Amino acid sequence: MLDNELKSYLLPNLFNAAVRAGAAIMQVYKNKEDYDISIKSDKTSDYRRGPTGRYETIKTYLGPTRIPILSEEGREMRYEERCNWELFWLVDPLDGTVEFIKGNNEFTVNIALMENNRSVASVVYVPIWARCISRGAGAVLS
């Protein structure tokens, strides 16, 4: 079980990853004409321009924790590889893909720290409002 000292070490990474990914998303959202945005067959979005994006931003902040990251946008991991993870980050770098593309402001960055397949700390970041809603990680931030 994670103790409070370890959680306090990990939480800044969690918040920074969500807020920085939100900033990357807003760069695209405000300048959509500069990007090639499309919906992939699995209903997730894809946009290209430059080497960095929302998932790469999240990896930058969560990578130093050396805790595995599970995300639909990361490399595909077989169940056999991840089924025994006791601790991992569960990431949805852009929840609300279609809404993002439509431009209706209803999208978020979702990150959870999972311990034995249960969330012990999570953040939902709403980039359009610059708000973080957290569970098990402290108060709501603005």
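Of the 142 residues of this protein, 43% count as buried. The model is predicted, with an average pLDDT of 83 and a score of at least 70 for 84% of the residues. The protein comprises 4 helices and 7 strands, and along the sequence these elements follow the pattern α-β-β-α-β-α-β-α-β-β-β.

**Overall surface and contacts**

- The accessible surface of the protein comes to about 8,500 Å², and carbon and sulfur atoms contribute 48% of that area.

**Confidence in the model**

- Confidence is highest in strand β5 (residues 108-115), at a mean of 95, and lowest in strand β2 (residues 45-48), at a mean of 54.
- The pLDDT falls below 50 over residues 48-52, a stretch that has 5 contacts in the model beyond near neighbours in sequence.
- Where pLDDT is low, predicted coordinates should not be read in detail.

- Strand β5 is mostly covered, since 8 of its 8 residues are buried.
- Both faces of β5 are covered: one side carries Thr 108, Asn 110, Ala 112 and Met 114, the other carries Val 109, Ile 111, Leu 113 and Glu 115, and all of these are buried.
- Strand β4 (residues 87-95) pairs with β5 in the antiparallel sense over 7 bridges. Within this pairing, Asp 92 has Asn 110 of β5 as its bridge partner.
- Strand β6 (residues 118-126) also pairs with β5 in the antiparallel sense, over 7 bridges. Here Ile 111 stands opposite Val 123 of β6.
- The hairpin of β5 and β6 has 2 residues between the strands, and Asn 116 in this hairpin takes a positive phi near 50°.

**Aromatic pairs**

- A search of the whole structure finds 4 aromatic pairs. One of them joins Tyr 29 and Phe 100, whose ring centres are 5.5 Å apart; their planes lie at 35°, so the pair is tilted.
- Tyr 29 lies in helix α1 (residues 4-30) and Phe 100 in helix α4 (residues 97-102), so this pair ties together parts that are 71 residues apart in sequence.
- Tyr 29 counts as buried because its relative accessibility, 12%, is under the 20% cut-off. Phe 100, at 0% relative accessibility, counts as buried for the corresponding reason.
- Phe 100 also pairs with Phe 107: the ring centres are 5.3 Å apart and the planes stand at 85°, so this pair is edge-to-face. Both Phe 100 and Phe 107 are buried.
- Together, Tyr 29, Phe 100 and Phe 107 form one aromatic cluster.

**Salt bridge**

- The structure holds 1 salt bridge. It is formed by Arg 78 and Glu 80, with the closest N and O atoms 3.3 Å apart.
- Arg 78 has a relative accessible area of 58% and is therefore exposed, the cut-off being over 50%.
- Glu 80 is likewise exposed, with a relative accessible area of 54%.

Methods
Residues are numbered from 1 along each chain as its sequence is written. This is a predicted model: local features need pLDDT of at least 70, side-chain atom pairs count only at pLDDT 80 or more; totals for chains, interfaces and linings use all residues. Side-chain values use heavy atoms; hydrogens and water are left out. A salt bridge is a side-chain nitrogen of Lys or Arg within 4 Å of a carboxyl oxygen of Asp or Glu. Buried means under 20% relative accessible area, exposed over 50%, partly exposed in between (1.4 Å probe, protein chains only). Rings of Phe, Tyr and Trp (its six-membered ring) pair if their centres lie within 6.5 Å; planes under 30 degrees apart count as stacked, over 60 as edge-to-face and the rest as tilted. Accessible areas come from the Shrake-Rupley method with a 1.4 Å probe; for residues, only the protein chains shown count as cover. pLDDT is the predictor's confidence in each residue, from 0 to 100. Contact means heavy atoms within 4.5 Å. Two strands pair if DSSP finds at least two bridges between them.
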